[in-house]
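Visitor: I would like to learn how to read some local features of a model. Please take them one at a time.

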Amino acid sequence: MNLKARYIDMESAEYTCVLHDDDAKEIGVREQDRIRIKHERNSIVALLQTTDTVVNKGEVGILGRAYGILGPERDEIVEVVATSKPESVKYIKKKMRGEELTTDEIRAIVNDIVQHNLSNIELTAYVVSLDINGMNIRETADLTMAMVETGDVITFDRGPIFDFHSVGGCPGNKITLIVVPIIAAAGLIIPKTSSRAISSAAGTADIVEVFADVNMDAHKLRAVAEKVGGTLAWGGSMSLSPADDTIIKVEYPLGIDPHPQLLASVMSKKKAAGANCLVIDIPTGAGTKVPTMEKAQAFARDFMDLGERLGIEVRCAITYGEQPVGRSIGPALEAKEAIMILEGSKHPSSVYEKSIGMAAMILEMGGIKDGEAKAKEILESGQALSKFREIVAAQGGNAEISSSDITIGKYHYDVISAMSGYVNSIKNKQLVQIARAAGSPKDKGAGILLNKKRGNRVLEGETLYTIYADHEAKLNQAIDLARKLDPMVVESMIITKLPINSKYAVIEDSTCNMYEKN
């Protein structure tokens, strides 16, 4: 059937079109069926919605970006025909039954994800089936390569290419800003791409965006990396493993991150970016994505096995993740802290030591002996700061950037301790929730600055942490949430007094509610 194309200014996760009820009956289709729309040499497959009001008879409404991809002029005639479900739906059902998929079946699923041929329901079924039934290492390698082959692949004129990645789950982990310039200053090439925050307070791309442009295509990434030795780019600005971006949109509302998909997500982007040698940081402990040492070791084995199949040398570092790295959480606060380390500060020690340790592993993969000593030399001599400024300038930022240039939120609130004692524990997830309530990562100046960390002595009336915000209303929201979540536990050295029945002793709860009027 030939119909007039009508643009509908709405977006949908999948390609969507709208037909009048009468036209749908004539074609023989109903809601959620698939329609192929053809215009000149272009065509799309869209999921159908029907109506008797939104479009007129003789029109096909096409939502958002699907219209742009198809490319018709307003009211131009397009051909509309019914089409069947893609073959990959059968393979998704196969994985739902817990069966192993072939290489071609996995490739078909990924192709249909990239081409937006699957409905949200079908894509959700795929993600849930991976979460429940998993994949073996062969399937995961095939999934990874299928994700690579459906996007851009960067080839460099020189090598080897080094890379670094953290699986996340530990707030304040801003060490990429220090590791990359150390590696580049040593003469190695490290074209680092990073993500924005999904559920965290700040992704590396959010932090770098405070002082430089993180948006670059594959051509610019290659040019900058080959010129200055490293990049601090947002992976989402280029088409590296585009299937992953679509899958994440389904994972996020479900709150799941299937293990094989996590592995494929990380490794497909590294493979597409030309990595030969990769160091992976796996934070572990309560409140992280990988809560136990046993799971962390299993993660590491899977990454190394997958790397071997993909031709990437992978080494893993299992790191302490039960409290934030450093004292800052949030884009501007983390940027300021990282730049202070580059400027010569050795504090916070957790940021300094973790950065040195990660950089040392990469340097040794590059054939540099005693990587730790070399990393310290590069950092403490100012070479890393100089290289950092080169990278920032190449990405459109200030070539003389300093920590004093970073502006943090103008509204703040000090959370104080109502008792003396010691910080017994810090709840990472609750701190992240508070930072996000304050506006992070969208509001660059929002976040949290910790005055105390686990094991620190606290006096009554001392500040435990400060909440920063760019907007007063968001600061108030964060304060209210902080009072409910109580993310820092302060305890005295005496937990209970015995005997219980003694007239001289009572059981006391020494956990401190740390909120007093500021």
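Guide: Begin with burial: a residue counts as buried when its relative accessible area is under 20%, and as exposed when that value is over 50%. The model here is predicted. D486 has 16% relative accessibility, so D486 counts as buried.

Visitor: Is D370 buried or exposed?

Guide: The cut-off for exposed is over 50%. D370 has 52% relative accessibility and therefore counts as exposed. D370 also has a positive phi of about 50° without being a glycine. This residue belongs to the loop between α14 and α15 (371–380).

Visitor: Now helix packing. At what angle do the axes of α11 and α12 cross?

Guide: The axes of α11 and helix α12 (residues 293–310) cross at roughly 45° and come within 11 Å. The two helices are therefore oblique to each other. On the α11 side the contact is made by H259, L262, L263, V266, M267 and K271, and on the α12 side by F299, D302, F303, L306, G307 and L310. The crossing of α11 and α12 is right-handed.

Visitor: How far apart are the axes of α6 and α12?

Guide: The axes of helix α6 (residues 137–149) and α12 are 10 Å apart, and the packing angle is about 60°. That angle makes α6 oblique to α12. The residues in contact are I137, R138, T140, A141, T144 and M145 of α6, with D302, D305, L306, R309 and L310 of α12. This crossing of α6 and α12 is right-handed.

Visitor: Where is S268 found, and which residues does it touch beyond four places away in sequence?

Guide: S268 is in helix α11 (residues 259–272). Leaving out residues up to four places away in sequence, S268 touches T144, M147, V148 and S241. The side chain of S268 also reaches the backbone oxygen of S265 at 3.2 Å. S268 has 0% relative accessibility and so counts as buried.

Visitor: Last, the strands. In what order do they run in the closed barrel?

Guide: The closed barrel has six strands in the order β1-β5-β2-β4-β3-β6, and the pairing is mixed. From one strand to the next, the twist averages 45°.

Visitor: How many bridges join β2 to β4?

Guide: Strand β2 (residues 16–20) and strand β4 (residues 42–51) run parallel and are joined by five bridges. To locate one of the partners, go to C17, whose bridge partner in β4 is L48.

Definitions and conventions:
Residues are numbered from 1 along each chain as its sequence is written. This is a predicted model: local features need pLDDT of at least 70, side-chain atom pairs count only at pLDDT 80 or more; totals for chains, interfaces and linings use all residues. Side-chain values use heavy atoms; hydrogens and water are left out. Helices (H or I, at least four residues) and strands (E, at least two) are DSSP runs, numbered from the N terminus. Buried means under 20% relative accessible area, exposed over 50%, partly exposed in between (1.4 Å probe, protein chains only). A polar contact is a pair of N or O atoms within 3.5 Å; within protein, one must be able to donate a hydrogen and the other to accept it, and residues adjacent in sequence count only if both atoms are side-chain atoms. Contact means heavy atoms within 4.5 Å. Two strands pair if DSSP finds at least two bridges between them. Axes are lines fitted to C-alpha atoms, for helices over the stretch in contact, and angles run from 0 to 180 degrees between N-to-C directions. Angles under 35 degrees count as roughly parallel, over 145 as roughly antiparallel, 65 to 115 as roughly perpendicular and the rest as oblique. A crossing is left-handed if the near helix is turned anticlockwise from the far one by less than a right angle, and right-handed if clockwise.
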